[in-house]
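Open the model in your viewer and have the selection tool ready. The tour goes from one stop to the next.

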Amino acid sequence: MRGRCIVGQRFPMPMPYGWFCIGFSDELQVNDVKNIHYFERDMVLFRTASGKLGLTSPVCPHLGAHLGFGGTVQGESLRCPFHHWQYDREGVITDIPYASTIPPKWEGKPCLKTYPVCEKNSVIWAWYHPEEKAPEYEVMDLPESREPNWNHSRRYFWEFNSCPQEIAENGVDLAHFQFVHKMDAVPLGKTEYDGHVRRSLVSGPRMVPNEKGEVEEVTVSVNVVQNGAGQKWTRFSGLADYLVQVLVTPVTAEKVEVRFAYSYPAYEQGSYLDTVMEFAIASTNGQQGLEGDIPIWDKKFHLEKPILCDGDGPIMRFRKYFSQFYAFS
């Protein structure tokens, strides 16, 4: 790491910056106003009449009313419940109903604090940076999330005490798969680091029972991509093809929300591939997956200089990659 910032007893690093999930697109309808809390800050999320997103500070710069309690969407603006001042998605005053003119100092200029927000892969993303720097990269597009004949309804949510790096680092901690998840050794595969993007691919033959119950050889691939600190997904192919978005968002320096969002072909209910898919989801979510790790993540400490052995996996290489998402003072 490039520096050190003591934040708490458990984690000697601040929250990472990047694009993070703050909800799903279908959870915010046109004209909705929603109070949210992430990155240790209160914010107000809204959707305009044309369907565009706005993300702002909750504090009206007029006389300090909370925009998330009684605030309403008026066309393309958010209206304060107190004196009905209106602001657009950039924080510019668009209307003061009882004034003849907008204060000259603020006419056409943002006075309400706003934050970068976007929508992609059926996810609402917010950009967080502790120094308020503009986004340095974009959220990557996942075509599977828009496939009309795929199932996108399987979503899962957890909240516990941890931080994004601990969860992301889990994928390169090879030894824990045997002891936490009761799995055979997991192959490391091929890994590439390219700036803020990390890609890994594991591919090889597996002997699996087919629809007739006969064992046959199938080439299975697991492709994992991490795009910054907050966007990660895994593509599985070979038997049942599917995508799972792994969405980890810091609520505070020591608390996270984790969402899994699956996309896969709409297999016929009760069919062989439907059964395979149900098993895959149960394994990824359950003791062989996330829920096996949560009790440890919830209590563990992040050691800057751990004592490692030759079977632990490339943990320090991964930490070097992830360190770029911290803004140390």
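How many aromatic pairs does the count come to? The count comes to 20 aromatic pairs, where rings of Phe, Tyr and Trp (its six-membered ring) pair if their centres lie within 6.5 Å; planes under 30 degrees apart count as stacked, over 60 as edge-to-face and the rest as tilted.

This is a predicted model, in which local features need pLDDT of at least 70 and side-chain atom pairs count only at pLDDT 80 or more, while totals for chains, interfaces and linings use all residues. Residues are numbered from 1 along each chain as its sequence is written, and side-chain values use heavy atoms, with hydrogens and water left out.

Select Tyr156 and Tyr262. Their ring centres are 5.9 Å apart with planes at 85°, so the pair is edge-to-face. Tyr156 lies in strand 12 (residues 155-160) and Tyr262 in strand 18 (residues 255-265), 106 residues apart; strands are DSSP runs (E, at least two residues), numbered from the N terminus. Tyr262 is buried at 1% relative accessibility, whereas Tyr156 is partly exposed at 24% (buried means under 20% relative accessible area, exposed over 50%, partly exposed in between, with a 1.4 Å probe and protein chains only).

In the turn of their hairpin, select Gly228, which has a positive phi of about 75°.

Conventions
Pairing = 2+ DSSP bridges. Helix = DSSP H or I, 4+ residues; strand = E, 2+ residues; numbered from the N terminus.
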